[in-house]
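Hi,

Here is the structure I promised to pass on.

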Amino acid sequence: MTEPTVSAGSPATHALPGPATAARAHWKSWHTVVFLCCAAVFISYIDRTNISVASIAMKEQFGWTETTKGFVLSSFFVGYLLLQVVSGTLANRYGGKVVLGVAVLWWSLFTMLTPLAANGSLGALIGARIALGIGEAAVFPASINMVGRWVPVANRSRAVAFFVSGLSLGTLVSLPVTGWLVRDYGWPVPFYVFAIAGFVWVAVWAVGVGNGRGVEAEPVPAERPPIPWRRIVTTPAVWAIIINHFCGNWLLYVLLAWLPSYFKTTFGVSIANAGLLSAAPWLVSFVMGNVAGHLSDWMINRGHSPTFVRKLMQATSLFGAALCLLLVQTAGSPATGMLLMCGATGTWALCAAGFAANSFDIAPKYADVIWGISNTVATVPGIVGVAVTGWLVQRTGAYSAPFFVTAAVGVVGALVFLKFGSGRRQID
C-alpha cells in the first residue's frame, strides 16, 4: 500500500508517517474496497431483479404467455450457475480487482443491450439474460477475494456482512424504482439507467482501488501451487458451508420471488401496498446482517472461538427464520404478517456472519474458490425452490405448505452446521 506523502517545505518533510497516519490510510483503503464491493452487489441485484417488474409491460407488448415469461425470468440462472466455480478460480489466480471489474463491465453492457435484444427476438433476449448471469457469477467470489486481500482478519466478519447486505438494498431499491421508471418512461428505461450506474462503478473501481493488498499477506511463491481441489471437496466443514449456502438461499429466493404475492393473495392488499409490505423485511435484513457481522468480530476478538461464533450465528439464523415462517400461518393481519416476515429475513441475515464468513476460518487462501463451489449449489433453489413454492401454492391455495417446506430446509441446514461446521483452519 502506498505510503502517504508530505508536501515539500513542511516541518515534517523528512519524517516517516506516524502510526496514526498509517492507520488512517489503511482504514480508508479497506473500507473503500468493501464499500465498492457492496455497491457491486447492489448493482448486480438491481440489474437482475428489474426485469421482474419490466416483464409485466414486456409481456403485454410482445404477447408472451406466462410460460414464456417464466423462461425469460429463469434464463439468468443458467449463466449464473455455470460460471460460479470458474469465477472463483479466476479470482484466486488473478485477483478480485481484475475479475470483478471485468464482470461489472460485462454485465452492465448486457443490461444496456437487453431492450435491443428483446425487440430483436425472444432468443436474443434469453441470450442476453444468460450473458448477464455469466457476468454476475463473479460478484461474490471476487468480492470474497478482495476481502481476503484487503481486510484485516479481525474485521472480516463485518466486511463480508456489509458487502453481502448489498443484495438486500438492491432488492429494496430495484422494485419500486423500476416500477416508477416503467410507469413514467417505458420499460426499456430501467435497463439503461441501471447500466449507466454499472459503468460509473467500473470507472471508480479502476481509479480508486489498487492492485496490491491492504493487509500483511503471506509470501506468495514464485510458482503458485495448484488449488487443492480434492482436499476442498472432501473436507466436512466445506460441505457444511455448501449445504448451508443452499438452505439459506432456498429461503432467500423463495421470499424474493413470493413475498409480494403472499401479501396480495393472503390479505387482499393492492399491488402497491404489497410492494411496500415486501420492502420492509429487506430493510430489516440489511440492518441485522451488519449487526451480526460487527457482533461476530467483537466476540472473536474478545476470545470466543470462531467455531462457537459461526455455529451460534448460523443456528440462530436458520432456526429463527424457520420459526418465523411457521408462525406466519397464524398472522391475522398484514401488519402481523409483515412483522413475522421481518423476523424471517432479519434472522436469515445473520448467516452473513455464519457460513458466509466461515471459509476465511477454514481455508483463507481458497475462500473465493469455496464460495464459487457453494454458490453453484446455492443457485439451484433459485430454480427449484421458487418453482416448488408456486406448485404448492397452486395445489393448496395457501402459503402454509411452501413456508413449512422452507422452514424444514432451514432446520436441516442448521443441524448440519452444528454437527460439521468448524472455525478451525482445515486447509493451508
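**A buried loop residue**

N155 is buried, with a relative accessible area of 16% (buried means under 20%, exposed over 50% and partly exposed in between, using a 1.4 Å probe and protein chains only). You'll find N155 in the loop between helix 6 (139-150) and helix 7 (156-164); helices here are DSSP runs of H or I with at least four residues, numbered from the N terminus. Leaving aside residues up to four places away in sequence, N155 touches W30 and D297, where contact means heavy atoms within 4.5 Å.

Before you read on, keep in mind that this is a predicted model: local features need pLDDT of at least 70 and side-chain atom pairs count only at pLDDT 80 or more, while totals for chains, interfaces and linings use all residues. Residues are numbered from 1 along each chain as its sequence is written, and side-chain values use heavy atoms, with hydrogens and water left out.

**Helix 15 and its partner**

Helix 15 is mostly covered, with 8 of its 8 residues buried: F355, A356, A357, N358, S359, F360, D361 and I362. What do they pack against? The buried residues of helix 15 pack against helix 6, helix 7, helix 11 (236-267), helix 13, helix 16 (367-378) and helix 18 (400-420).

Take helix 13 (residues 306-328): it packs with helix 15 (residues 355-362) at an angle of about 165°, with the axes 10 Å apart. Axes are lines fitted to C-alpha atoms, for helices over the stretch in contact, and angles run from 0 to 180 degrees between N-to-C directions. That makes helix 13 roughly antiparallel to helix 15 (the label for angles over 145 degrees). P306, R310 and Q314 of helix 13 make the contact with F355, A357, N358 and D361 of helix 15.

**Helix 4 against helix 9**

The other pair to look at is helix 4 (residues 96-120) and helix 9 (residues 188-208), which pack at an angle of about 160° with their axes 8 Å apart. Helix 4 is therefore roughly antiparallel to helix 9. By class, the contact of helix 4 with helix 9 has 16 nonpolar, 6 polar and 1 charged residues. Ala, Val, Leu, Ile, Met, Phe, Trp, Tyr, Cys and Pro count as nonpolar, Asp, Glu, Lys and Arg as charged, and the others, Gly among them, as polar.

Cheers

Definitions and conventions
Helix = DSSP H or I, 4+ residues; strand = E, 2+ residues; numbered from the N terminus. Parallel < 35°, antiparallel > 145°, perpendicular 65-115°, else oblique.
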